[in-house]
Amino acid sequence: MTSRRPLVIAAWVAVGCAYVFAALAILTIGIFVLPVALLATAVLLLRHGADRAVAGALVAGAGLPLLYLAWLNRQGPGTICRTSDGNLACGDQISPWPWLVAGLVLAAIGGWLIRASMKPPAPAH
């Protein structure tokens, strides 16, 4: 394994994260994130190519925005009110559990795929 390999895998994780973030926020900032993700994909493919770890890194990265969404809704489901400087602000939150489960599953599968790609292939008989 080269010394740059962990950085390349981290870059692929970031790309996977960007694609899912762009999909979740497509009606707001996602439309601006998607071209960045596409450009990063092209750069990574041209400079480093694709190997077996790329799929795992993309899957692991896909789980990160889901985990963040679960964190943002950690007090949900329902209406949550907060006070700040004497002002009351209320907002609806969704259940964090589906997002947490999906994020953990994707992160675990991605991590397993990355780890499996690091093992040398078994010798053919």
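Guide: What follows sets values from the model against the definitions behind the terms.

Guide: This is a predicted model, in which local features need pLDDT of at least 70 and side-chain atom pairs count only at pLDDT 80 or more, while totals for chains, interfaces and linings use all residues. Residues are numbered from 1 along each chain as its sequence is written, and side-chain values use heavy atoms, with hydrogens and water left out.

Visitor: What makes Cys81 and Cys90 a disulfide?

Guide: A disulfide is defined as a pair of cysteine sulfur atoms within 2.5 Å, and the sulfur atoms of Cys81 and Cys90 are 2.0 Å apart, so the pair meets the rule. The structure holds one disulfide, and the link of Cys81 and Cys90 is right-handed, with 110° about the S-S bond. In general terms, a disulfide is a covalent bond between the sulfur atoms of two cysteines.

Visitor: Why is Cys90 called partly exposed?

Guide: Buried means under 20% relative accessible area and exposed means over 50%, with partly exposed in between (1.4 Å probe, protein chains only). Cys90 has a relative accessible area of 46%, and therefore counts as partly exposed. Cys81, at 44%, is partly exposed as well, and Cys17 also counts as partly exposed, at 23% relative accessibility.

Visitor: How do you know that Asp51 and Arg5 form a salt bridge?

Guide: The term asks for a side-chain nitrogen of Lys or Arg within 4 Å of a carboxyl oxygen of Asp or Glu, and the closest N and O atoms of Asp51 and Arg5 are 2.4 Å apart, so the pair qualifies. This pair links distant parts of the chain, since Asp51 lies in the loop between α2 and α3 (52-72) and Arg5 in helix α1, 46 residues apart. The structure holds one salt bridge, and Asp51 is partly exposed, with a relative accessible area of 38%.

Visitor: Why is Ala53 called buried?

Guide: Ala53 has a relative accessible area of 2%, and therefore falls on the buried side of the cut-off. Ala53 is found in helix α3, where helices (H or I, at least four residues) and strands (E, at least two) are DSSP runs, numbered from the N terminus. The C-alpha atoms of Ala53 and Arg5 are 9.8 Å apart in space, although the two are 48 residues apart in sequence.

Visitor: And what makes Leu45 partly exposed?

Guide: Leu45 has a relative accessible area of 41%, so the term partly exposed applies. Leu45 has its place in helix α2, and its C-alpha atom is separated by 9.9 Å from that of Trp12, 33 residues apart along the chain.

Visitor: Why is Thr28 called exposed?

Guide: Thr28 has a relative accessible area of 55%, which is over the limit for exposed, and therefore takes that name. Thr28 sits in the loop between α1 (5-24) and α2 (30-48). Ile29 is also in the loop between α1 and α2, but counts as partly exposed at 44% relative accessibility.

Visitor: How do you know that Arg74 lies over the face of Trp71?

Guide: A charge sits over a ring if NZ of Lys or CZ of Arg is within 6 Å of the ring centre and within 35 degrees of the ring normal. Arg74 lies over the face of Trp71 at 3.9 Å from the ring centre, so the distance is inside the limit.
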